Amino acid sequence: MNSTKKEKPDYLNFGKYAMGGAGYSMTNMIVLTYLTFFCTDIFGISSLTVAGLMLVTKVIDAVTDPVMGFIADHTRSKKGRYRPYLIYGSPVLGVLIYLLFSAPQLSAAMKVVFIYVVYISYSLAFTVVGIPFTSLVPVLAKDSTERTMVVSWKNVMIQVGRLFITSFALPIVEVFGGGAVGWGRFGALVGVIITLCFWCVAWGLKPYDTIDMAIDKPKVDLRKEVYLIAKNKPLLMLMLAFGTDMIANSTLLAVNMYYFKYVLNRVDLVPITSIALTVTGVLSNLAIPYLTKKAGKKRLYWWGSLLSILPLAILQIKPVVPGSALLVLITLFGLISTVPSALAWAMLPDCVDYAEYITGVNGNGVVSSTFSFMNKLCGAVGSFLASYLLGIFGFVANQEQTETVLFVIVCLRFAVPILGYIASLISMHFYELTDERNLEIRRALEERAGGKENGYA
């Protein structure tokens, strides 16, 4: 019997997979939270240059993400279909994170060349590692309940990775020497940690990600591969909803340091508010499996997006409030906004099943890569908006800002995220996969597979 078939949930390997959430989160959060600030205030690059950087890399991702998903789906090796990319790609990704925050002494022109080359390389490496990682959920867990559990555990570890980056980065940078030296050493530390996290995933998924090399490689039907996306309305609606949420969060993160430094003059509050966000994020993720049983994924996602608007609206109207009030509002936002962010990844495997149901092709990598591209594209849109608008309205690093710049920072921190959440509400309204429908599709796939060992050959 194939070792991947287990009647009971494999909690130990669920936990090993969840460790990858910390690595994925740290890889993403260090760039979303600090790269714009690092480039302008530490490395000495203009915010408009950073905006161009974000735009160029996403054009490249538009090609490389779907290609990587296709390659991963059709990989055949003794180490499996997806695991080789985690094993060999994560050390390269770790080195590039170090280089991204190394700030070498270069001329102004060479700084731009350096950051472009390293960031594009980082983006490619993140694609090579991140897409196989997200593609492994349907491989590890077969039914919707188990998948929600796996993704919830992963998202708890995502919050742990977020905590490390957002709460401890600045203190650790200071301990490591501060300035460019401190950031370089911190980047090296993050590179080591994320490598170990993804190796843990590769270790835990060894019994699951297997290839029978004796079986002939199946023929590739490119038409069906395209249909996996083009005819998958639930996936398209989920991508739009999560994408607009991602624009909201990435814009918020990109200007977070500017908000605390220039609007509030309270950089000391950054670690405190980050810890509050992480604690509430962990609590929300632990509650999601219970809440989805009560309300269903679609309804829970919709209400999470709606209620996330409330604390943002209050702070848009009154951006300068006492520290205690700010902490309460940000904590409330973290408690609520974590729900749709986490649910999107739990809903993605259901879209994979739907794609197989309508096309007959199991395309974990293609579907996951398309979703990953939307994730990175919208994250870059948020970062681009922040950098571009700050630049054209006259932001100058490490100086007192004009009233116009301060107003732009506030709007980017609160008003733009509100618009993102409103857009996600509209998209999720048209998402068709209820929990009942998911169960019907899963049963149909099992019957189609001939009923062998619960339908999984």
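A quick word on the model: it is predicted, local features need pLDDT of at least 70, side-chain atom pairs count only at pLDDT 80 or more, and totals for chains, interfaces and linings use all residues. Residues are numbered from 1 along each chain as its sequence is written, and side-chain values use heavy atoms, with hydrogens and water left out.

On a 1 Å grid over the protein atoms alone, a cavity is a set of points where a 1.4 Å probe fits but cannot get out, and lining residues have an atom within 4 Å of a point.

Of the 29 lining residues, Met 29, Ile 158, Gln 159, Arg 162 and Ser 341 are the closest to the centre of the largest cavity. Helices 1 (11–42), 4 (108–135), 6 (144–175), 9 (233–254), 11 (269–295) and 13 (323–359) each give the lining at least two residues. Helix 13 gives the largest share, with 7 residues. Helices are DSSP runs (H or I, at least four residues), numbered from the N terminus.

Some of these helices also pack against each other or against helix 7 (residues 179–204). Axes are lines fitted to C-alpha atoms over the stretch in contact, and angles run from 0 to 180 degrees between N-to-C directions.

| Helix pair | Angle | Axis distance |
|---|---|---|
| Helix 1 and helix 4 | roughly 160 degrees | within 11 Å |
| Helix 1 and helix 7 | about 160 degrees | 8 Å |
| Helix 11 and helix 13 | about 40 degrees | 7 Å |

Helix 1 is therefore roughly antiparallel to helix 7, a label for angles over 145 degrees, while under 35 is roughly parallel, 65 to 115 roughly perpendicular and the rest oblique. The contact of helix 1 with helix 7 has 20 nonpolar residues, 6 polar and 1 charged. Helix 11 and helix 13 come out oblique to each other.

Helix 11 has a bend of its own, about 45 degrees at Ile 288, with Pro 289 following within four residues. That bend is the angle between axes fitted to the seven residues ending there and the seven starting there. Just after helix 11, Gly 296 takes a positive phi of about 85 degrees.

Conventions:
On a 1 Å grid over the protein atoms alone, a cavity is a set of points where a 1.4 Å probe fits but cannot get out, and a pocket is an open set with protein on both sides within 12 Å along at least five of seven lines; lining residues have an atom within 4 Å of a point. Ala, Val, Leu, Ile, Met, Phe, Trp, Tyr, Cys and Pro count as nonpolar, Asp, Glu, Lys and Arg as charged, and the others, Gly among them, as polar.
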